Amino acid sequence: MKKLFLILTLFVLVLSCGGNKGGEAGKSEGSGGTVTLNFEQEPKTIDPQLTTDTTATKINALIVEGLTRQDETGAPVPGIAEKWDISEDGLVWTFHLRDAKWENGEPVTANDFKFAWIRALDSKNAAEYAYMLYPIKGAEEFNLGKGSAEEVGIKVVDDKTLEVTLKNPTAYFAALISYQTFTPLNEKYYNEQGDQYALDAGKILANGPYKLVKWTHNESFELTRNENYWNNAETKIDNVRAKLIGDASAALSAFKNDELDLTLITVEQYPEFKEDKRLVPYDDGSVWYLEYNLKNDFLANKKIRQALTMAIDKEELGAILQAMGKPAYGYVPGFVQGTDKSFRDEAGDTFPHYNPEEAKKLFAEGLKELGLEKAPKLTLIFNDQGNNKKIAEYVQEKIRKELGYDLAVESLPFKERLERMTQKTFEVVLAGWSGDYNDALSYMDLWVTGGGNNHTSYSNSKYDELIKIAQTSPDQKARIQAMIEAEKLLGDDMPIGMLYYRQRMALVNPRLKNMKFKPVGSEYYLTDAYVE
């Protein structure tokens with residue numbers, strides 16, 4: 001029996017939400033205007049198959065759309081695929097595409113998806129998110145050079161029908177493919193752009209609600225309504241301007257001068273707006289931690305990593321961050337659903353609490369095991385944005401106080417910090433992760449051996465086995481239990497030192513109505529927003 005009933009129900013729900021109808025043809029009533037947001041940092045790239053950073057995710061959420069898309073909670077709903085069905089054994093997913101178009105008027109076809117997905121898997125492109133496609137039959141083998149593109153389970157039945165064969169039943173597949181890595185790519189357009197693809201406005205083709213019309217590098221993006229978007233009638237805002245103001249003081253000044261309709265504030269700025277009606281708090285789904293580079297001989301010692309982490313008082317850090325940070329004693333944030341309750345409630349604490357006595361003991365033992373009388377120099381790198389400088393300096397001072405060790409700190413531009421992590425040319429880095437889709441696996445699969453975003457080089461075969469269960473089991477309880485056990489391993493091996501779960505504080509201009517935020521994927525949800 002095909003599992004169409006749920007998909008059709010979701011589709012009806014999608015059609016029932018959004019703006020009022022009956023205005024100008026192709027637009028919702030009351031639509032129009034321009035909204036100006038602050039996306040803070042220049043992304044390394046906005047290539048949907050290659051990017052991993054948050055600014056690019058925000059841009060791509062506006063200009064490209066996959067087979068499914070995310071609603072305001074991050075849950076998957078029909079996108080370019082108006083419906084799909086699943087075989088009895090859960091292995092074959094057949095997607096039926098709606099009559100969608102690219103911004104240039106060409107139809108979005110099944111081949112556009114196959115071309116994009118194969119490109120993401122082709123090792124010559126070094127896509128950090130290639131592993132996200134591994135549930136597809138033959139995908140991992142092709143990516144690792146052990147199979148061919150022809151053996152990957154992606155079949156174009158016809159222009160409007162895409163058949164995907166999985167290695168194992170994958171319960172979360174509809175959520176997985178809502179992420180930007182799985183968006184389509186027009187092969188002809190891509191070949192015309194060559195190595196300039198996605199490097200500027202006019203070099204990337206939109207099939208989503210907006211198209212990119214101007215990109216002033218390190219300054220701003222300008223997007224305008226894509227009249228060829230299949231759901232254009234529900235798009236309410238005509239133009240989106242995304243400024244790139246990394247300095248928090250400058251961003252706040254721009255907001256006060258009505259140059260921004262939305263910006264985020266820092267801990268230092270929070271008291272001024274604590275009671276302001278324009279202040280909107282939201283959980284962005286991100287978890288923050290120290291990444292330790294296990295290729296470093298000193299940090300390869302588990303006791304050293306444990307000591308550095310236990311020397312940090314997360315409750316004290318939470319107080320410093322005020323309402324913007326909740327102490328983290330596990331990796332997966334609390335909003336992620338488990339079975340009967342949240343994953344966090346089911347797993348409990350999997351990372352140790354502040355314990356300066358144990359930290360001192362472990363640090364001494366680690367030095368002894370390494371045959372060292374004195375610890376070598378380590379540097380903690382971070383990008384000086386938001387509250388990062390305050391956090392890095394707190395970590396530095398706490399480790400000095402509790403361990404008598406001088407940890408150096410170094411501020412870097414956002415893009416350079418990402419590059420250092422990708423190249424693994426760091427010792428310790430202040431890093432964060434937001435889920436890409438609404439499942440605990442979106443967090444937990446980072447740390448598998450050889451994972452594209454596993455910058456620590458952590459490797460544990462038992463961890464890999466548990467994540468494989470979470471990836472392949474059709475039983476949700478078995479999946480969650482496997483990930484809980486994996487998180488306990490992570491808390492013991494400690495390639496990362498947990499710090500906090502972030503809550504954002506946004507200042508929103510009252511003229512921007514119905515602005516929503518979601519905890520996975522792109523944190524800004526503009527679909528229901530409008531300007532007065």
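Which loop holds Y131, between which two helices? Y131 sits in the loop between helix 3 (110-121) and helix 4 (139-143). This is a predicted model, where local features need pLDDT of at least 70, side-chain atom pairs count only at pLDDT 80 or more, and totals for chains, interfaces and linings use all residues. Residues are numbered from 1 along each chain as its sequence is written, and side-chain values use heavy atoms, with hydrogens and water left out.

**View 1. The whole chain.** The chain has 17 helices and 21 strands (DSSP runs numbered from the N terminus: helices are H or I with at least four residues, strands are E with at least two). Its C-alpha trace spans about 70 × 55 × 45 Å along the principal axes. For 532 residues a compact globule would have a radius of gyration near 24 Å, and the chain's 23 Å agrees with that (taken over C-alpha atoms; the rule is 2.2 Å times the number of residues to the power 0.38). Of the 532 residues, 58% count as buried (under 20% relative accessible area; exposed is over 50%, partly exposed in between, with a 1.4 Å probe and protein chains only).

**View 2. The surroundings of Y131.** Y131 is buried, at a relative accessible area of 10%. Leaving out neighbours within four places in sequence, Y131 is in contact with D445, L446, G452 and N453 (contact means heavy atoms within 4.5 Å). From Y131 to N143 it's 12 residues in sequence and 8.3 Å in space, C-alpha to C-alpha.

**View 3. The largest nonpolar core.** This core has 165 residues (buried Ala, Val, Leu, Ile, Met, Phe, Trp, Tyr and Cys joined through side-chain atoms within 4.5 Å). The members that touch the most others are F95, W117, I136, Y289, Y331, F363 and V395. Strand 17 (residues 496-508) gives the most to this core, with 9 residues. Zoom in on F363 and you'll find F298, I304, A307, L308, A375, L403 and Y405 touching it, not counting residues up to four places away in sequence.

View 4. K424 has a phi near 60°, positive in a residue other than glycine. K424 lies in the loop between helix 14 (414-423) and strand 16 (428-434), and is partly exposed, with a relative accessible area of 34%. S457 isn't a glycine either, yet its phi is positive at about 65°. Look for S457 in the loop between helix 15 (441-444) and helix 16 (461-472).
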